[in-house]
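Take a look at the structure below. Keep it in view as you read, and find each part as it is named.

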Amino acid sequence: MTLKKAKDVSLDHLSAMRALVRIVELGSFSAAARELKIATSTIARKITALEEMLGVPLLHRSTHHVALTEAGDLYHGRAVSMIADLDDTLRVVAELDSAPSGPLKLTAPVAFGRRYLAPLVAPFLERYPGIQLDLRLTDNHNDMVMGGFDLDIHEGENYLDNLIVQPISRNDSILCATPAYFERRGRPQTPADLAQHNCLRYLHPEGDPRWHLSNGKTVQSVLPSGNLQSDHSELLLEATCAGLGIAEFEIWLIRDLLVSGALEIALPKYRLENALTGRQIYMAYLPNRRFSTKVRVLREFMAEHLKGIGEWPQEGPSAGLAARHIRADP
């Protein structure tokens, strides 16, 4: 692609680039013009001038709809990245001689956020009062660029492309039930014994319905069956605590119940392999956030308070020993 006008990238070009990005994100020229506080005719002229300079149309326009052309899609993707890099550079320079401040957007899974992040919000903001924290809890993966997120805390290795990652903790998963359930139904000794038990299943559209249990280099897979399945881990946890059956959970979700003895580990000699939740809990952030002071202090704070939160020491063959060796506090 050859530019029709030999012209350096200028503030006018940057302004037009920002305008295009907002038009795409908001869906119309008028909405983008209102947000940018300029006339619709002005924003239209910016896009027309940009298209003339590039020599290709970037947008398909109609009365009620705006869509990217093939060239526009390429330009928009690069523009989003360039604007994010520029804005981050400006933020970093501004933060050099000042305390961390400004908006900071964090996302995490729902149950993890409620149990472990909610108690940390007040201490973090007391330490850094100039930060305005925006915490979004969801079990669906967020696009960090489009969502404007500074940091993502999540399990597993499924969404790590183009991100910088920092492990917080190993992410161990186990099978467990109440002591009363084991007294009533017996304790399984091998994965094959699970066929004789009421197994409560967690459902996820990207998850494997089978339980994969490893003992050294040997992996055994079973398809659990029982009278309850759900896509909500905390609902399954309530049913498990009521003695309904055996279920799979990550250590971070049930560590306090193991410490208290309310739950006991089934098949403690086996490690549960789950491709969806993975082997680690990570903090992830975009490369253009690596030098941000406020992102750095949030990472350090979370690493300090969440270290080892998902780990099972595996120090003995019995469920009771395993439970007693787990620390009550992260």
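Start with Val93, which is found in helix H4 (residues 70–95). Helices (H or I, at least four residues) and strands (E, at least two) are DSSP runs, numbered from the N terminus. This is a predicted model, where local features need pLDDT of at least 70, side-chain atom pairs count only at pLDDT 80 or more, and totals for chains, interfaces and linings use all residues.

Is Val93 buried or exposed? Val93 counts as exposed, because its relative accessibility is 54%. The cut-offs are these: buried means under 20% relative accessible area, exposed over 50%, and partly exposed in between (1.4 Å probe, protein chains only). Now look for Phe291. Val93 and Phe291 are 198 residues apart in sequence, yet 9.5 Å apart in space, C-alpha to C-alpha.

Arg289 sits in the loop between S15 and H10. Arg289 is buried, because its relative accessible area is 9%. Arg289 and Asp88 are 201 residues apart in sequence and 6.5 Å apart in space, C-alpha to C-alpha. What does Arg289 touch, not counting residues up to four places away in sequence? The list is Ala84, Asp88, Arg91, Phe149, Asp150 and Val295. Contact here means heavy atoms within 4.5 Å. Across the protein, residues 24 or more positions apart account for 75% of the contacts with a separation of 6 or more.

Next, the sheet. Strands of a sheet pair through backbone hydrogen bonds, either parallel or antiparallel. Two strands count as paired if DSSP finds at least two bridges between them. In this model an open sheet of 5 strands has the order S4-S3-S5-S15-S6, with mixed pairing. Strand S4 (131–137) and strand S6 (164–170) stand at the edges; each has a single partner strand, so one side of each is left without a neighbour in the sheet. From one strand to the next, the twist averages 20°. S6 pairs with strand S15 (residues 280–285) in the antiparallel sense, over 6 bridges. Within that pair, Arg170 stands opposite Gln280 in S15.

Helix H10 (residues 293–306) lies across strand S3 (102–108), S4, strand S5 (151–155), S6 and S15. H10 runs at about 40° to S3. For such angles, axes are lines fitted to C-alpha atoms, for helices over the stretch in contact, and angles run from 0 to 180 degrees between N-to-C directions.

Move to helix H2 (residues 29–36). The buried residues of H2 are Phe29, Ala31, Ala32 and Ala33. Just after H2, Lys37 takes a positive phi of about 60°.

What about the cysteines? A disulfide is a pair of cysteine sulfur atoms within 2.5 Å. By this rule the count comes to 0 disulfides. Cys176 is in no disulfide, and the nearest cysteine sulfur, that of Cys241, is 7.5 Å away. Cys176 counts as buried, because its relative accessibility is 0%. Cys199 is also buried, with a relative accessible area of 1%.

Last, the whole. The protein has 11 helices and 15 strands. Of its 330 residues, 44% count as buried.

Definitions and conventions. Residues are numbered from 1 along each chain as its sequence is written. Side-chain values use heavy atoms; hydrogens and water are left out.
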